[in-house]
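Please look over the sequence and the structure below. A short report on selected local features comes after them.

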Amino acid sequence: MTDTPRIPDKPALEGLESVWGDAWEREGIYRFDRESATREQIYSIDTPPPTASGSLHIGHVFSYTHTDVIARFQRMRGRSVFYPMGWDDNGLPTERRVQNYYGVRCDPTLPYVAGFVPPFEGGDGKSSKAADQVPISRRNFIELCERLTVEDEQQFEALWRMLGLSVDWTQTYRTIGDESIFASQLAFVRNVERGEAYQALAPTLWDVTFRTAVAQAELEDREQPGHYHRVTFGRADGDGIEIETSRPELIPACVALVAHPDDERYQPLFGTTVTTPVFGVEVPIVAHHLAQKDKGTGIAMICTFGDITDVVWWRELDLPNRAIVGFDGRIIADTPDAITSEAGRAAFAELAGKTAFSARQAVVERLRASGDLIGEPKAITHPVKFYEKGDRPLEIVSTRQWYLRNGARDEELRTRLLTHGREIDWRPDFMRVRYENWVGGLSGDWLVSRQRFFGVPIPVWYPLDDAGEPRFDEPIVATREMLPVDPSSAAAPGFDETQRGVPGGFVGEHDVMDTWATSSLTPQLAGGWERDPELFELVFPYSLRPQGQDIIRTWLFTTTLRAELEHGVAPWSSAAISGFIVDPDRKKMSKSKGNVVTPAGLLEQHGSDAVRYWAASSRLGTDAAFDLQNPTQVKIGRRLSIKVLNAAKFILGFEGSADAPVTVPVDRSMLAELSDVVDRATRALDTYDHARALESAETFFWTFCDDYLELVKERAYGAPSPEQASAVAALKTALSVLLRLFAPVIPFATEEAWRWSNTTSVHTAPWPTDDELAARGEAGVELLELASLALTGIRRAKTDAKASQKTPVVSAAIAAPAAAITLLEAAAPDLRAVGRIAEIDFVEADEFHVRDVVFEITSE
């Protein structure tokens with residue numbers, strides 16, 4: 001029987017996303033069935049929650065497609081797939097977008113305005129000056145953040161559905177939702193109770209633009225122009241010590257000079273003192289192994305604080321703190337107590353209120369006038385620390401912040417984290433080194449507090465003494481029953497709101513958690529930790545963490561840390577790490593570089609299957625180039641998807657059943673080769689090599705269409721017979737297997753073709769197996785390969801003779817080795833039929849070729 005009543009006259013890709021997307025949702029194809037699932041049968045995915053601030057880009061499509069291919073494969077293997085989606089709403093990117101979109105900025109000192117209407121909606125997303133933005137209360141600002149992120153998330157979901165992600169859309173969460181705030185705050189409370197979270201007054205990396213602390217994982221080095229200044233520090237004996245510095249404006253913050261303990265030039269000076277130029281402060285000369293003998297003059301200035309090394313020296317050498325840079329990046333007004341001379345205090349007063357750049361110029365002029373500047377400044381280019389989302393170099397200021405122990409100062413914890421890294425199956429394996437290097441290179445605990453507005457509040461209050469000063473060493477931590485809570489609007493336990501801010505009362509913590517402090521709990525958030533214990537027991541630890549390579553040090557590490565602290569285990573068994581998308585010049589695509597491609601137009605123009613094919617063609621951990629002007633792989637993917645539809649239409653038009661006996665050797669040979677393809681594709685997907693699986697299936701598919709289908713179509717069109725039934729059964733069996741092999745990559749085209757002959761979805765059909773084909777394909781793969789060679793030779797002979805492929809042939813000879821002839825004789829009837837050859841002679845020869853073709857009618 002044929003299946004033609006269901007098949008359209010002209011199959012097309014257009015519109016399939018809407019048709020089948022709606023059907024999948026209606027039929028609940030991708031719903032997680034927790035009622036009948038067992039722990040052993042579940043495959044759970046810790047899906048990355050994209051930042052809901054702006055628009056998705058082609059890199060998201062790239063990496064999320066990799067995940068979806070695996071999810072679909074596991075589902076077809078009979079696993080109950082837990083595949084949720086989260087939205088990372090809180091954080092600085094959202095605040096920045098809200099400022100630009102609505103033309104506002106947050107001022108926590110302002111009162112709440114009911115019914116506030118922003119000055120405009122729909123800003124272009126570019127940075128705007130704070131002076132042009134309308135200041136509003138924190139509560140008004142958060143309401144706008146909530147409004148915009150919900151709108152963005154709806155657009156993101158629509159695009160994910162268009163792409164065909166087989167997400168269970170009933171399993172979603174927001175990192176700023178009540179359930180997420182509850183889980184984040186509860187984890188923090190437990191960290192405090194176990195002594196893993198603590199508060200300290202310490203040097204802090206500070207972004208002066210966003211006025212917030214920055215963690216080590218959020219740093220990036222950027223090459224910046226600068227100058228080395230050679231400066232003389234005076235000694236009591238009249239000689240000077242020359243140092244080189246790129247930050248002379250920090251000389252008033254100098255607390256020591258430092259050299260390597262093995263440097264013979266300075267060994268006699270250790271323990272002596274020098275006087276700072278211009279400001280006249282006596283500071284010691286000390287030794288430390290981090291000093292570089294071959295850098296500059298070999299002796300350096302320790303300031304509080306010019307860079308991270310200064311912090312290390314300050315801490316390990318127990319030096320005083322004379323910080324002079326304020327939270328706004330300008331020199332503070334209060335002169336350090338160590339500057340006692342009238343001239344020194346006058347010089348510092350000249351710097352007060354200046355930016356670092358202006359202060360640098362002023363100090364250089366003072367040094368030049370005093371004769372302490374040796375020569376002219378030497379131009380350099382050097383790496384400078386930036387917040388990854390910031391535009392100005394970081395400063396280091398002293399602040400009171402919350403920290404989470406991460407193994408930097410705890411060897412036992414560090415060892416456990418490294419052990420978990422070895423327990424995880426990394427794909428590709430070399431990505432493990434990045435994790436291990438990060439853990440091994442940690443220099444301080446994780447700073448988790450942020451001076452922002454739209455984030456998870458730190459659930460802590462501080463009692464006030466009789467003078468109204470906070471007692472920071474006696475924090476009042478929220479109880480579980482109070483969560484979720486905002487200490488800025490809820491009273492501390494044992495107090496009421498009338499006692500807020502008054503002596504003997506309390507004050508709430510205004511800081512919020514680092515966005516990674518919430519995102520690091522995605523396994524707990526999605527899995528219902530402490531909210532739905534039964535679900536969490538089913539899905540945790542997860543089967544897979546898919547993510548980008550650039551956030552191994554942030555998301556992957558911090559999630560592993562939180563799982564260790566809370567559960568003592570690695571949070572997943574496998575980690576799949578995608579590469580970057582690069583432009584045609586091999587530069588990484590990023591919003592900051594302006595070379596990002598947004599995917600919506602691409603999906604509409606070429607179809608989702610075509611774009612998914614491009615993504616699935618790249619292996620994990622490998623960067624992929626994308627050229628919007630000439631998306632070659634996308635076009636190949638579209639061609640494949642269309643060919644699948646057309647081949648399915650053609651095959652399903654034959655009379656006959658897929659269940660008929662497959663008896664003809666060439667048919668059995670084709671199925672034997674397909675069995676090998678199934679084996680290779682399955683093994684590849686089992687090891688997260690989606691690209692190899694696709695390559696195996698696609699290579700066979702084109703041979704199947706170009707050679708086998710052409711070879712047997714005359715027989716399949718013929719009158720009913722065992723040979724005709726064998727051809728049709730082999731064709732329909734192969735089609736069923738191929739549609740299932742391609743289903744994880746091109747889900748829309750395969751679903752369309754599958755439903756022409758089935759009432760259920762291809763995505764819930766069982767994954768093909770060797771056993772399914774073994775009994776029908778025992779002839780071996782060699783026959784099909786030889787028959788394809790013979791068919792190609794016959795076609796080439798006609799082409800060389802400038803004859804139509806339909807031209808009848810009186811006779812032709814196929815020369816081949818004896819073993820090949822024995823096999824080819826079984827394919828002779830099909831070769832005669834497709835080549836329109838009356839007689840084929842097989843001639844024994846060392847090399848394979850078609851010869852002596854005699855045409856009945858030659859072309860003119």
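## Basis

The model is predicted. All values below are computed from it.

## Helix H2

Helix H2 spans residues 58-76 and has 19 residues. From its first C-alpha to its last it reaches 27 Å. That is close to the 27 Å expected at 1.5 Å a residue. Just after H2, Gly78 takes a positive phi of about 95°.

H2 is largely enclosed by the rest of the structure, because 19 of its 19 residues are buried. Two of its residues, Arg72 and Asp68, also form a salt bridge, described next.

## Salt bridges within helices

The count of salt bridges comes to 57. Side chains of opposite charge can pair when their charged atoms come close.

Arg72 pairs with Asp68, with the closest N and O atoms 2.8 Å apart. Both residues lie in helix H2, 4 residues apart, which is about one turn of the helix. An α-helix has 3.6 residues a turn, so residues three or four places apart point the same way. Buried means under 20% relative accessible area. Arg72 has 1% relative accessibility, so Arg72 counts as buried. Asp68 has 0%, so Asp68 counts as buried too.

Helix H19, residues 690-717, holds another pair. Here Lys713 and Glu710 meet in a salt bridge, at 2.8 Å from N to O. They are separated by about one helical turn, because they are 3 residues apart in H19. Lys713 has 18% relative accessibility and therefore counts as buried. Glu710 has a relative accessible area of 24%, so Glu710 is partly exposed.

Which parts of the chain does the pair of Lys385 and Asp221 link? First, the contact: Lys385 forms a salt bridge with Asp221, and the closest N and O atoms are 3.1 Å apart. The pair links distant parts of the chain. Lys385 sits in strand E15 (residues 373-387), and Asp221 sits in strand E9 (residues 219-234). The two residues are 164 residues apart. Lys385 is partly exposed, with a relative accessible area of 32%. Asp221 counts as partly exposed at 47% relative accessibility.

Glu530 lies in the loop between helix H12 (522-527) and helix H13 (533-539). At 28% relative accessibility, Glu530 counts as partly exposed.

Arg836 is not a glycine, yet Arg836 has a positive phi of about 55°. Arg836 is found in the loop between helix H25 (828-835) and strand E29 (837-844). Arg836 counts as partly exposed, at 35% relative accessibility.

## Cis peptide bonds

Where does Phe305 lie? Its place is in the loop between strand E14 (299-303) and helix H6 (308-316). A cis peptide bond joins Thr304 and Phe305, with omega about 0°.

The peptide bond from Leu483 to Pro484 is cis as well. Its omega is near -5°. Pro484 is placed in the loop between strand E21 (476-477) and strand E22 (506-508).

How values were computed: Residues numbered from 1 in each chain as written. Predicted model: local features only at pLDDT ≥ 70, side-chain atom pairs only at ≥ 80, totals over all residues. Heavy atoms only, no water. Expected span 1.5 Å × (residues − 1). Buried < 20%, exposed > 50% of the residue type's maximum accessible area, 1.4 Å probe, protein only. Salt bridge = Lys/Arg side-chain N within 4 Å of Asp/Glu carboxyl O.
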